[in-house]
Structures are given as structure tokens and as C-alpha cells.
Amino acid sequence: MPSAGPSMSAADGLLALAEEAERRRDFTTATSCLESALSPPHAASLLPLAEARARMRLAGLLLARSKGLANAKAHLERALLVLNPLPSAPPRLKLLAHSLLATVYGLLGAVPSQKHALRRGLSLLASASASGLLPSGPALLWTSNFQAQLASALVVDGDAASALTTLSAGAAAAADLDSPQLDLFFAATALHVHLLCWEDNAAVEDAVARVSQLWDALTAEQKEHWVGLFFYTELLQTFYLLRVCDYKAASKHVERLDTAVKSEMERGRRIKELGTELSAVEGTLAQTMLKERERVALAHKQGQLRAQLQALCGYDTLKDVLDYGDKLLLAPPPVHGEWLPRTAVFVLVDLMVVMVSRPKGIFKECGKRIHSGLQLIHEELSKLGIVDGVTEGDLEHSTIWTAGLYLMLLLQFLENNVAVELTRSEFVEAQEALAQMKNWFTRFPTILQGCESTIEMLRGQYAHSVGCFDEAAFHFLEALKLTENKSMQSMCQVYAAVSYICKGDAESSSEALELIGPAYRTMDSFVGVREKTCIIFVYGLLLMRQHNPQDARVRLASGLRIAHQQLGNIQLVSQYLTILGTLALQLHDTGQAREILKSSLTLAKTLYDIPTQIWILSVFTELYRELEEKENEMENSEYGSKKEIDLQRRLAEARSRAYHQELVEKARIKVEPLHDLFQKHNDMSGLPANDDLDIPESVGLSTPQPSSVRRLVDSSSVRRSTRRRVS
């Protein structure tokens, strides 16, 4: 510990103690010492520059622990007031203060103030560069930092075009620096903006190609060290491939991600062990009664541990190791910053495994990943104080952003859980997962406001699965009203049309046609083929009901080709085959009907899809009757009856549960009035407002943070009405 000389004031001593505590990673003591130094009577003895530095250090500690955003903001604003008139203040200090203050404004949802602080920072940077106070290299790095932060704020404000222009300016600075890491960072961030604000297919494809080209150009050592960029670029490319329904290519990226997660978890465990050991050694070294031999041995051990940590983390300096530890950073200082917290990235990879496995019917793996993902999410929510009984109104402002991120991921896992269980005819399990979604939504209605449409859609799917077709159509149409996402609207129309068709009366068929007709005319306007294959399926079903088997057969065959070759959804393929087998039988093509129905039944069995199996078996019974194969007809009919009994047992159990009526009733979810949360609602306007949880790029992008902030994730998002989530 440094000794206090005769000329050292009490404030100087407190600052020295804070520095020593930071070196020991004792951030609580460091924070207390800084707060004391900046409070009366000690603050009066601090020189202006020392005061500004102390306030910035304190703000960084508060931000890193996600506590005291208002205090951090006040300290940074005061620091800038002190620094601005000081000609002797280093430009870097002023730039860092602007960057940190912009970060705080972003976390508080004050986007106009955030943009103002960043533009002031850019103006100050231009002045310092022109006057020669800041060399070219650091100036370009700070340009990259401010442009990245400004682009984030612009997307949050709904201005994607300006964000892309800003990112281009940052990319130009990165090119002047000849920094492959920054080149890739800006290219990946631009791709993320394109994915969130998808308007031009060619521009998105070019952005994907650019990221892939830059990654391939890296050396093996760079790829190994830049782990954060690996996860970021791989996940973005996976999101793109899922969006265009290239599941085969997406699966390859997911395999790479999954392998990397296992490696990273082991690396993170080792980093944590070394960090704990280093803290213990440094704590012992701080003791004043140590013998010289012990001190030398411990100092040697300290050096070894620091070297191991530095090598394991891949950072250039020990300070970076201590500041960032095992975080998945994206860019060099002063940019630095995570995209998402490390655990959230791992959870997201689990989600991607579910999303590529579910259409293939690999439900065992889906179940395992859903379980592990939910477990990690609940652990992180518990750390934020979100346990049973906690609601939106109980949250500290500093936890809202990270809570929003994990709550959104939570609902995505539950959504997939519902989908898997409904496919497997496990109605009770689906009911319980959907009830959980409803419960989370009622507890956090502002944070999860964009999820209501998805919950309504899932209520419709549950109601349809248990035979409540009128209620199902109601919920699908309510979901349609709640979203402005064109893809989601189209799928809601498709699902509602199927429910109307299943009601069986002429009026309902007419309503189904009214819904599917407009969707059929616009089906080629969607990215990917998910909407198109589903629309063709329902349109073919309507044609069959209208006794137009030849036209239905042609259209359904075209849809089947797309579903089989591109979508890879074997449940949809099975249902296509079932209708085509039925049509073949109607047209007396018994040979083709038999082959098609065999394939369909095999797929339905793979999925444990009992309703589709019963449907296929009923068609088989008609086929055997037409062929006068009495033995096969009786055997098939008996097997179908057993399946029907099993289905009715499952349905009866689901209908007997308390949640059943609550989920199917023709009413929207009731949310308690927010009362004093209206102000917090305004503050949370930048939270993730995802209109379609089935699209993974709804998970947000994080603003690059200055190097003094140990851990800060800006999960800002766009308002549901106009924007998608990026920060």
C-alpha cells in the first residue's frame, strides 16, 4: 500500500487507497474510497484534473457493476464541466468522458442526449486532431469508437440509413488504420443493421459476403484470439441463413458455434480459476508482515499467473485482462465492448441448435438444449433479483436492460418448447410452457410488449391442437392485429384459415378463402420460403375442399418441392404428402396414393405427430377399401382406433387442467395497470420489442464500450411500432 507523505492530503490518500483496492479487484472498497474523496470536506482539496479523473473512475466502477446509473451520469457531467475549460486536460480524457456519458444516456433511454454527447465528442476529436494534440493513430481509433456508438443510437432512433452511413465512416477510419479486427467489426455491425432493417435483398447479400470475405482473410492466430468476433459473425450469418430458409448451410454454422461454446466454457472456467488464484496471491502480498522470502516467492507466482491470464485471454496488456477477463469483446480499445454478455451468447447458441433441429424432428436434442438454455437464463435472472413474485415495477433501472435481454431469450425458448410439445401431441406440457409465457408477460408487460402477438398466436395453435377451432381462429386474428411484422401477419392469416377450414361449414370455408386469397397473391414478396410453402398448403387444401383435385394437386406438388428442398420442415412435408395421397386416391391413382401415404406415415411417426398419423391411417383405410384388401383394412382400422383412443386420452387430460380454459378463452391477456410505471415505460422505450420470436435476429446488438468500463451491455432496442432491436 502506498504510504501517505507529509504533503499528501486526505483526498489524495483516499484516491491512492482506491487505486490499490482496484488492483486487488476489491471494487466495493474502491468505490467507497472514491465517493469519500469526492465528498466534503475532502473534495475541496482536489485539483480540477484530479477531481475529473476520480469522477470518471467512479462512474466506470458504477457502470461496470450496473449500479447507480443516475450517480454515474452526475459524476460524468460534473467531470466534463471541470475538464472543458482546462487547456491542460489530455484530449483522451475528454473523449473518454464524452463516450462514457453517451453510454449512460443510452442506458437511460435518453437517445437525443446520447447523440448530442457523441457529436460533441466527434467535434472535439476533429479539433484535437487538427491542432496536433492527438496523433493520427489514436484519433482514428477514437473516430471508430464514436461512429460505432452513434450508429447504435441512430438505429435505436429508427434511422437505419443514417446508421449505415455512420458505420461507413467508422469503416473508413478502420481502413486507414489497416486494422483487420476493426474492418470486420464494422462490416459485421453493418450486416446486423441490414438484418434488422431488411429492405434490400442485394444489400443484405453483399453485407453477408463482405463479412465472410473478411473473416476468411484473417490469420489462424487472429481467428483464435478474436473469439468475440467469431461468435458475432457466425451468429449473424446463421440468422441470415435461417431467414432465407437455408437450413442446411445454417446447420454448419451452428455446429461450429456449438463446438466453440464448449471450448469457450472450458477457457472461461480456467480464466476464473486463475483470476481467483491471482486475487488470493495479491491479497497476501498486500500484507505488511510478510517475510522477504515469502514476498519474493509470491511476487514470482503473481507474475506467472498474470502471464497465464494474459496468454489465455489474448489481450495485449494485463490491464485489459483484469478489466475484461473472459468477456467476448469485439474490437480493440478504445472501442472494446461486448455484443452480448458471455452467458447470453452461449444461451443464444443453444437456441440456434433448437431452431435448426426442430424442423427436422430432432426433439431429444431440442429438449436438452431448451432445458440447458432455460437453466442458464434463470440463473442470470436470479442474479438480477428476478425471482418468483418480482414484477416489472420492482426492477432497478440499472437492471432493466440486461433483464430485457434474458426475458426475451426466455420467451424464445418457451415458444420453441410449446411448438415441440404440440408437434409431439404432448398437450399438457405445451399448455404448461404457454402458461409460463403468459405469466412472464403479465409480470413484465412493458419489457415484453412485443411478445404479446406471439403468445396470442401460440394460444391459437394450442386451441387448434385440442380441437377448439373457433377459439383458435380468434387468437390468430388477435395476433394479426398486434403485429406490424408482415411475415408474422401472413402466418397468422394462414393459421386462422386452417382453423376456419377445420370448422367444416360453408361460411367458415368462405372466411378462410378471404384470408388466404390476399396472402396467396403476395406470397412471393417474402424473404425465404416459409410463408410461401404454408400459403400454398392452405390454398391447396381449399381447392380440394372445393372439389378441384387436379388444380390442388399441381399447386401442392409445387409447394412440396419447395418445402422438401429448402425448408426442411418434415412436419409440413408430412402434411403435404398426406393431402397429395388423399388427392391421388380421389383421382383413383391407388399405386401413387399408397407410396405417398407410406412416406407420410413414416415422417409423422418420427415426429410422434398423432393427429397426422390418424389422418393418414383414415386415408389408408379408404385406400384398402377401394382395393378390397379387407385384411389390411381391418388391421389398419384397428391401429387407427388405438391411436384415436390415445389422442382422446391426451386431449381429455389437457382439457381437465386449470390452464386449459384460461388459454383458449376468447379474450386477450389482462395486464394490471402500470400506475407509477408510466415514467419507467417511457424510459424503457428502447427495450427489445420483438414482434416475432421465431426470427432470431431479434436479439440485439450491443454498443461498443470504452475501455474503462469493465462490463456494460446496452440491450437497447427499437420501439415496436417502427424499429427492430439493435444497439
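**Values against definitions**

Tutor: Glu-51 and Arg-55 are joined by a salt bridge, their closest N and O atoms being 2.9 Å apart. This is a predicted model, in which local features need pLDDT of at least 70 and side-chain atom pairs count only at pLDDT 80 or more, while totals for chains, interfaces and linings use all residues. Residues are numbered from 1 along each chain as its sequence is written, and side-chain values use heavy atoms, with hydrogens and water left out.

Student: What separates Glu-51 and Arg-55 in helix 3?

Tutor: About one helical turn, because they are 4 residues apart in helix 3 (residues 48–64). Helices (H or I, at least four residues) are DSSP runs, numbered from the N terminus.

Student: Are Glu-51 and Arg-55 buried or exposed?

Tutor: Buried means under 20% relative accessible area, exposed over 50%, and partly exposed in between (1.4 Å probe, protein chains only). Glu-51 has 11%, so Glu-51 is buried. Arg-55 has 12%, so Arg-55 is buried.

Student: What makes Arg-369 and Asp-258 a salt bridge?

Tutor: Their side chains meet at 2.6 Å, N to O. This pair links distant parts of the chain, with Arg-369 in helix 17 (residues 363–383) and Asp-258 in helix 13, 111 residues apart. Helix 13 covers residues 247–285. Asp-258 counts as buried because its relative accessibility is 14%.

Student: Which residues does Asp-258 touch, not counting those up to four places away in sequence?

Tutor: Asp-258 touches Val-349, Val-353 and Arg-369, where contact means heavy atoms within 4.5 Å. Asp-258 and Arg-369 also belong to a network of salt bridges that links them with Lys-262, Asp-350, Glu-365 and Lys-368. A search of the whole structure finds 39 salt bridges.

Student: How many disulfides does the structure hold?

Tutor: The structure holds 0 disulfides. Cys-534 is in no disulfide, the nearest cysteine sulfur being that of Cys-245, 9.4 Å away. A disulfide is a pair of cysteine sulfur atoms within 2.5 Å. Cys-534 counts as buried because its relative accessibility is 12%.

Student: What is the size of the largest nonpolar core, and which residues have the most contacts inside it?

Tutor: The largest nonpolar core has 211 residues, and Phe-231, Trp-440 and Leu-448 have the most contacts inside it. Helix 18 (residues 397–423) gives the most to this core, with 15 residues. A nonpolar core is a set of buried Ala, Val, Leu, Ile, Met, Phe, Trp, Tyr and Cys residues joined through side-chain atoms within 4.5 Å. Leaving aside neighbours within four places in sequence, Leu-448 is in contact with Leu-407, Met-408, Leu-411, Trp-440 and Phe-441.

Student: How do you know that the span of helix 26 is close to the one expected?

Tutor: The expected span of a helix is 1.5 Å times one less than its number of residues. Helix 26 (residues 570–586) has 17 residues and reaches 24 Å from its first C-alpha to its last, close to the 24 Å expected.

Key
Helices (H or I, at least four residues) and strands (E, at least two) are DSSP runs, numbered from the N terminus. A salt bridge is a side-chain nitrogen of Lys or Arg within 4 Å of a carboxyl oxygen of Asp or Glu.
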